[in-house]
Amino acid sequence: MNQVTVQAPCKINLILGCVGRLSSGYHQMDMIMQTISLYDTVTAGKTGKPGIVLSCNDPKVPCNETNIAFRCAQGFFKATGILPDAAITIEKNIPMMAGLGGGSADGAGALVALNRLYGSGLTKEQLCAIALPYGADIPFCIVGGTQRAQGIGEQFTPAPPLPPCWVVVAKPLFSVSTKEAFAQIDAAPAPPRANVEEMLHCLGQGDLEQVGAAMANVFEAFCSPEKIGKIKEQMKVCGAAGALMSGSGSAVFGLFQEEKAARACAACLKPEMESVFVARPLGEQPL
């Protein structure tokens, strides 16, 4: 086998709470994450020449050691003891600086592709251990599905699956820096809380309306709340069971029972957005 291509799906946060900050600087999280069918495509191939070469179709993406996928590839070769002779290509589709975990998805995709390419036989748990130093969301992107994530985001408990639905994702014309978003949370005298237990109950009921009503994200109050609120309201007017900003923003997603309503909403939003997508929830990722 000389080349492997994998789809690297993004994530949305059905609920996101920040419950504290560790001395290491990392934040303690409690959230429910969901992979959806909005993908980057990651291809890994053997070159027969020493080293790692990274390329991407988006010129805004750095193709050096600052790239998460590049760093994950370095971690893979270090952990396995395999001499690197790999070319990794990323075809970007997931918007950047949107709270959708596109960089983490690429890192996860690189690890899964290299694991298959070299026949390493590493388990998901082993790949997650390699990934964690390079980003707290990468392990989730390896596992996928619907998961409660705690700790710094690396401690997973399977959650009841999101009911069958359609997901409209809208990336507005502005972006949000995750670092700045966390800084605003840290500076807040009383950050808002998110009721993760209630969301777990609603998921267990399998009722999309209940899930939509329970969605919450503590970052929304600090990330252009008026602009985000307007997008959420547009989605709800179009029939969304609920709408929420994902991660630290700026992308907003809405959950729809019917495909027709979801696509009508996407068409309505498209003229005012950088990009709009219609996706479905995914189960756990294959290895």
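Val-169 touches Ile-36, Leu-100, Ala-251, Val-252, Phe-253, Ser-275, Val-276 and Phe-277, leaving aside residues up to four places away in sequence. Touching, or contact, means heavy atoms within 4.5 Å. This is a predicted model, where local features need pLDDT of at least 70, side-chain atom pairs count only at pLDDT 80 or more, and totals for chains, interfaces and linings use all residues. Residues are numbered from 1 along each chain as its sequence is written, and side-chain values use heavy atoms, with hydrogens and water left out.

**Around Val-169**

- Val-169 sits in strand S7 (residues 166–171). Strands (E, at least two residues) and helices (H or I, at least four) are DSSP runs, numbered from the N terminus.
- Val-169 counts as buried because its relative accessibility is 1%. Buried means under 20% relative accessible area, with exposed over 50% and partly exposed in between (1.4 Å probe, protein chains only).
- Pro-95 is 74 residues from Val-169 along the chain, and their C-alpha atoms are separated by 10 Å.

**Strand pairing**

- Strands S1 (residues 3–21) and S2 (residues 27–46) run antiparallel and are joined by 16 bridges. Two strands pair if DSSP finds at least two bridges between them.
- Arg-21 stands opposite His-27 in S2.
- S1 also pairs with strand S8 (residues 216–217), in the parallel sense, over two bridges.
- Leu-16 stands opposite Asn-217 in S8.

**Helices H1 and H2**

- Helix H1 (residues 68–80) packs on helix H2 (residues 102–117) at an angle of about 35°, with axes 8 Å apart. Axes are lines fitted to C-alpha atoms, for helices over the stretch in contact, and angles run from 0 to 180 degrees between N-to-C directions.
- On the H1 side, the contact residues include Cys-72, Phe-76 and Phe-77; on the H2 side, they include Gly-103, Asp-106 and Leu-114.
- The contact of H1 with H2 has nine nonpolar residues, four polar and one charged. Ala, Val, Leu, Ile, Met, Phe, Trp, Tyr, Cys and Pro count as nonpolar, Asp, Glu, Lys and Arg as charged, and the others, Gly among them, as polar.

**Helices H2 and H3**

- H2 packs on helix H3 (residues 124–131) at about 130°, with axes 10 Å apart.
- H2 and H3 are therefore oblique to each other. Angles under 35 degrees count as roughly parallel, over 145 as roughly antiparallel, 65 to 115 as roughly perpendicular and the rest as oblique.
- Leu-111, Val-112 and Asn-115 of H2 meet Leu-127, Ile-130 and Ala-131 of H3.
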